[in-house]
Amino acid sequence: MESTEHVTVNFPRFGEFTYTQNDVFTFPWGLPGFPNLHRWIALNLESQSTYIWLQSLDDVAVALPTIDPWMVFENYDPKLPAYAVAALEIADAGDFAMLCVVVATADAQEMTMNLMAPIVVNLRARRGRQIMLENSSYSVREPIPRKTPAEPEAAAPSEQ
């Protein structure tokens with residue numbers, strides 16, 4: 001049965017936000033660095049549409065910026081280990097989404113993405129886990145390429 005009870009929380013980073021229990025993802029094993037934080041919600045902010053912020057409900061001071069890895073690395077081809085598929089009860093490809101944590105320097109001039117350990121969430125069961133891709137060549141700090149500014153269009157020849 002779906003819960004429609006609305007809960008309003010004031011997140012230090014994002015301000016007031018209302019969610020229902022149906023919006024909550026459970027991470028039974030926590031996340032590396034946050035083993036005691038088990039309840040998270042995904043925030044997709046209009047002002048930062050590229051990012052999906054994983055916001056902890058157990059510690060409202062903790063929020064992780066993540067990105068769909070295929071938005072940046074079209075050829076990303078992770079192989080989920082069998083234990084992850086079983087632990088997250090993934091029955092088919094439509095059951096899950098994958099997010100990668102982004103780390104930025106203080107001035108945001110350099111940004112990296114953790115492609116070696118994506119966060120996998122079962123969208124149906126609302127359950128997630130960060131998965132280490134064993135025997136992969138992916139990096140935990142893969143530089144995110146910057147788009148080069150567009151070349152200015154050549155000026156049209158003037159009429160004389």
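Two exercises on a predicted model follow, each with a worked solution.

The model is predicted, so to read it note that local features need pLDDT of at least 70, side-chain atom pairs count only at pLDDT 80 or more, and totals for chains, interfaces and linings use all residues. Residues are numbered from 1 along each chain as its sequence is written, and side-chain values use heavy atoms, with hydrogens and water left out.

**Exercise 1.** Describe the fold content and the overall dimensions of the protein chain.

Solution. 
1. The protein chain holds one helix and 11 strands, counted as DSSP runs (helices H or I, at least four residues; strands E, at least two) and numbered from the N terminus.
2. Their order along the sequence is β-β-β-β-β-β-α-β-β-β-β-β.
3. The radius of gyration is 19 Å, whereas a compact globule of 160 residues would be near 15 Å; the value is taken over C-alpha atoms, and the globule rule is 2.2 Å times the number of residues to the power 0.38.
4. Along the principal axes, the C-alpha atoms fill a box of roughly 75 × 40 × 30 Å.

**Exercise 2.** State what share of the 160 residues is buried and how far apart in sequence the contacts reach.

Solution. 
1. Buried residues (under 20% relative accessible area, 1.4 Å probe, protein chains only) account for 36% of the 160 residues.
2. Take contacts (heavy atoms within 4.5 Å) between residues at least 6 apart in sequence: 50% of them join residues at least 24 apart.

Note on methods. Buried < 20%, exposed > 50% of the residue type's maximum accessible area, 1.4 Å probe, protein only.
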